[in-house]
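Q: Can you walk me through this one? I'd like to start with how the chains meet.

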Number of protein chains: 2
Amino acid sequence: MSKIIGEQSIQFDNPPIIVGFSSVVGQKEGEGLLGQYFDKIIEDPMYGEENWELAESKFQKVASQLAINNAKLTINDIRYIFAGDLLSQLIATTFAFKDFQKPLFGLYGACSTMGESLQLAAMCVDGGFAPYTLAVTSSHYCSAEKQFRFPLEYGNQRPPTTTWTVTGSGAIVLGRQGKGPRVTYITPGKIMDYGIKDPMNMGACMAPAAADTIYQHFKDLKSKPEDYDLIATGDLGVVGKSLVKKMLLEKGYELKDNFTDCGIEIYSPTAQDTHAGGSGCACSAVTLTGYFLKKMLSGELKKILLVPTGALLSTVSSNEGESVPAIAHGVVIEY
Amino acid sequence: MSKIIGEQSIQFDNPPIIVGFSSVVGQKEGEGLLGQYFDKIIEDPMYGEENWELAESKFQKVASQLAINNAKLTINDIRYIFAGDLLSQLIATTFAFKDFQKPLFGLYGACSTMGESLQLAAMCVDGGFAPYTLAVTSSHYCSAEKQFRFPLEYGNQRPPTTTWTVTGSGAIVLGRQGKGPRVTYITPGKIMDYGIKDPMNMGACMAPAAADTIYQHFKDLKSKPEDYDLIATGDLGVVGKSLVKKMLLEKGYELKDNFTDCGIEIYSPTAQDTHAGGSGCACSAVTLTGYFLKKMLSGELKKILLVPTGALLSTVSSNEGESVPAIAHGVVIEY
């Protein structure tokens, strides 16, 4: 039986194994700092489909099939799929998996979805409910801008605090048996709301949630920042990252050079005009599956704490003047 | 260790116990066929809030607190919340739980969310990951019409195949210990798409998913319709219900008088102008928590198979000419 630790965390007794993983990204991500690490770079933002939403679905579909192939499995081996995306009513996920003929748990954690899907897929495997599960998420710059901000054709100016939604999908197959890095601990996050209302400054909106989950994780596990080779938040960007450092310092934890943010890792701050960095469900997903997991396999990283972050807003809640609450889900991976 | 059964189902070895539950509904639901059974009937569609979205959040908040009270617990006893709603980016759920200070798994299964949340909350308890979990969902006629169809002020005509979104919220506390009905089996559903494109005929869109999950459930458990006191789909209405009967008959299973649909149970077909019946996440949620569970406690029902059904569309996918795929999640409750 797995252990309930502290207020929010779980220690797995039979840590689910990452037996397969994949990263499929768009052109801009391919030209970014991690370009060489991604499995597939798709130059056509439409991915041969009729619209951006179906293109995003195709990213999820291809990433999922690739992760399953990399695990040397077939779709028939996957018992349950845990997936979600940023689009209203998860239509990228729906149209990605409607032909897979496998039970699906649709998840919405905004850009924290890779954390949420990994946590639930891991519980499912550790609990003995499935031999293999698939955790996957996606985002697409064009479908996200269309939904949350302005039509691309409008050509609006983006304030320096904005981030750039990553186009791509990351997928992970978890198994009870096999070889690979293991999910050893999880810290599901709670919603934090500091009352910030600026949807053009997601980093500031999400920083309290990231800081809270990391703090709770240290407290629950009685661990400290130095215990991890890497601590990576999801998509805070440069603004949010510095806030998290400040907030954790106030609580007695100093995050040093082993602390990064996937939104800062993915694009070049000098060569690519993304302002505060990358964001979107795919940001932490492909940085994990494209970069961190490969660094684990090569022995450069042994223990990481990934904390994907999500801003919980819609155009309706923003228009109605509500704040932008946020959530962050922590996952420890060891190899 | 719980048992994996057949292709999609799970049998719990320590079936999670429904230790508390609640139903909070709007005026129309209070005037319907099940009016006398609901815990709270709220006459004001705004529930004292500034907009429909916040009103829907309040339904979830009040239902959750009531279910926790009925379980003789406090919010501190709940380790994880599994919740979702119909609104884009789950804003009803976000603003319901932002002050609860408990880890949240945001779910989207459209109107099947009560099934999805119960399944994951049950796995979490049975797997030893939490002593108590909360499964909850909501819908609101006004927020749903605003989002999916037309502004209420437009006064559009509704075709006879349409259903009426239930205003309300149902919440369930699951525990490892305590007294009450138990979740004994689950059958998570897969997405089914028969290519139907009419968002004004949700019953037809969802029938294939309901029929598939029920068929798979019978096959996995080697059970038959007569083994259950009641088999209830979520919100197919009169159109979808008759389709499910036909589809299952073709597969060799005859559903008789013990088969019903929550969307048919909730409103009066003669006194209330709802056309094909009720729908929305709250439809199966409050019919379960307001009516079925009370019939179980009184001994009138001993074993039920609840199959909440969800239509996976958004205004974007509809506008882009896509079909309306659907999903249905099966849960067996015994007492």
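This is a predicted model: local features need pLDDT of at least 70, side-chain atom pairs count only at pLDDT 80 or more; totals for chains, interfaces and linings use all residues.

Q: How many residues does the contact take from chain B and from chain A?
A: 66 residues from chain B and 66 residues from chain A, with contact meaning heavy atoms within 4.5 Å.

Q: And what area is buried between chain B and chain A?
A: About 5,100 Å², with carbon and sulfur atoms giving 63% of that. Buried area here is the accessible area (1.4 Å probe) that two parts lose on being put together, summed over both. On the chain B side, Gln89(B), Phe129(B) and Ile191(B) supply 15% of what chain B buries against chain A, more than any other three residues.

Q: How many salt bridges between chain B and chain A?
A: The count is 4, a salt bridge being a side-chain nitrogen of Lys or Arg within 4 Å of a carboxyl oxygen of Asp or Glu. One pairs Asp193(B) with Lys98(A), closest N and O atoms 2.8 Å apart. Another pairs Asp193(A) with Lys98(B), at 2.8 Å between the closest N and O atoms.

Q: Where do Asp193(A) and Lys98(B) lie?
A: Asp193(A) is in the loop between strand 10 (182-187) and helix 6 (202-221) of chain A, and Lys98(B) is in the loop between helix 3 (91-97) and strand 6 (104-106) of chain B, so the pair joins two chains. Helices (H or I, at least four residues) and strands (E, at least two) are DSSP runs, numbered from the N terminus.

Q: Is Lys98(B) buried or exposed?
A: Lys98(B) is buried, at 18% relative accessible area, whereas Asp193(A) is partly exposed at 22%. Buried means under 20% relative accessible area, exposed over 50%, partly exposed in between (1.4 Å probe, protein chains only).

Q: Switching to cores. Which residues have the most contacts inside the largest nonpolar core?
A: Phe292(A) and Phe292(B), in a core of 99 residues. A nonpolar core is a set of buried Ala, Val, Leu, Ile, Met, Phe, Trp, Tyr and Cys residues joined through side-chain atoms within 4.5 Å. A second, separate core has 75 residues, including Leu73(A) and Phe59(B).

Q: What does Phe292(A) touch?
A: Beyond neighbours within four places in sequence, its contacts include Leu230(A), Cys262(A), Leu301(A) and Ile304(A).

Q: Now Gln119(B). Where is the place of Gln119(B)?
A: Gln119(B) sits in helix 4 of chain B. Gln119(B) is buried, with a relative accessible area of 0%. Not counting residues up to four places away in sequence, Gln119(B) touches Phe105(A) and, among others, Ile186(B) and His329(B).

Q: And Asn51(B), buried or exposed?
A: Buried, at 9% relative accessibility. Asn51(B) is in the loop between strand 4 (40-42) and helix 2 (52-70) of chain B. Setting aside neighbours within four places in sequence, Asn51(B) is in contact with Glu320(A), Glu322(A) and Met46(B).

Q: Last one: how many salt bridges over all chains?
A: 24. Among the linked residues, Glu53(A), Lys146(A) and Glu320(B) are in a network of salt bridges.

Definitions and conventions: Residues are numbered from 1 along each chain as its sequence is written. Chains are lettered from A and ligands numbered from 1 in the order in which they are written. Side-chain values use heavy atoms; hydrogens and water are left out.
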